[in-house]
Amino acid sequence: MKSFTLIYYIVPQDNDDVEIPNAFGIGKPIDQVTLKDVKSSFPLQGEYIFRFRYKTSHNTVWLDLPTDTSQIPLFNNRILIKATRISWETQNNQSQSAQVSQQPNAPAPQHIQNQTVNQQAFAQFQQPQQNQQQPQQQQSSSQNQNLIDF
């Protein structure tokens, strides 16, 4: 029999209550679910940022995962997601609508401009700058040694 994991989620923009979350299922054992699985199975249309409820030794936090292959952390033996909606459209729909609707000299729609800015800002954090050795970077690398690896 194939394993099944129930994934609980809230969407803050919909005024969902963390005490009464929504749910969807994934056909994998709970310890094998990744961020990629969540993104591909999420039941709502649109583009979302997924944060996962996690309990540290001192606090309960919403944790951002670094890659799509990251294993999902558990909170009280279950997966609990805060799905923050960025757009009602999926990224593929935005790209297609932008190509069809734009005239050669027309500016991009605001949501496309915002998406591009967000992608550029996010890219700065994805690629370490190799040519700059600043004290701040050395301090952040020592702080990264204290992070929990999932």
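Let me begin with Arg85, which, apart from neighbours within four places in sequence, is in contact with Val11, Gln13, Asp14, Glu47 and Tyr48, where contact means heavy atoms within 4.5 Å. This is a predicted model, in which local features need pLDDT of at least 70 and side-chain atom pairs count only at pLDDT 80 or more, while totals for chains, interfaces and linings use all residues. Residues are numbered from 1 along each chain as its sequence is written, and side-chain values use heavy atoms, with hydrogens and water left out.

Arg85 sits in strand β5, residues 79–87, strands being DSSP runs of E with at least two residues and helices runs of H or I with at least four, numbered from the N terminus. Is Arg85 buried or exposed? Its relative accessible area is 13%, so Arg85 is buried; buried means under 20%, exposed over 50%, and partly exposed in between, with a 1.4 Å probe and protein chains only.

Turning to charge, the whole structure holds 4 salt bridges, each a side-chain nitrogen of Lys or Arg within 4 Å of a carboxyl oxygen of Asp or Glu. In one of them, Asp14 pairs with Arg85, with the closest N and O atoms 2.9 Å apart. This pair links distant parts of the chain, 71 residues apart, with Asp14 in the loop between β1 (5–10) and β2 (22–26). Asp14 is partly exposed, at 37% relative accessibility.

Another salt bridge joins Lys39 and Asp68 at 2.7 Å, N to O, and it connects helix α1 (residues 35–41) with the loop between β4 (60–63) and β5.
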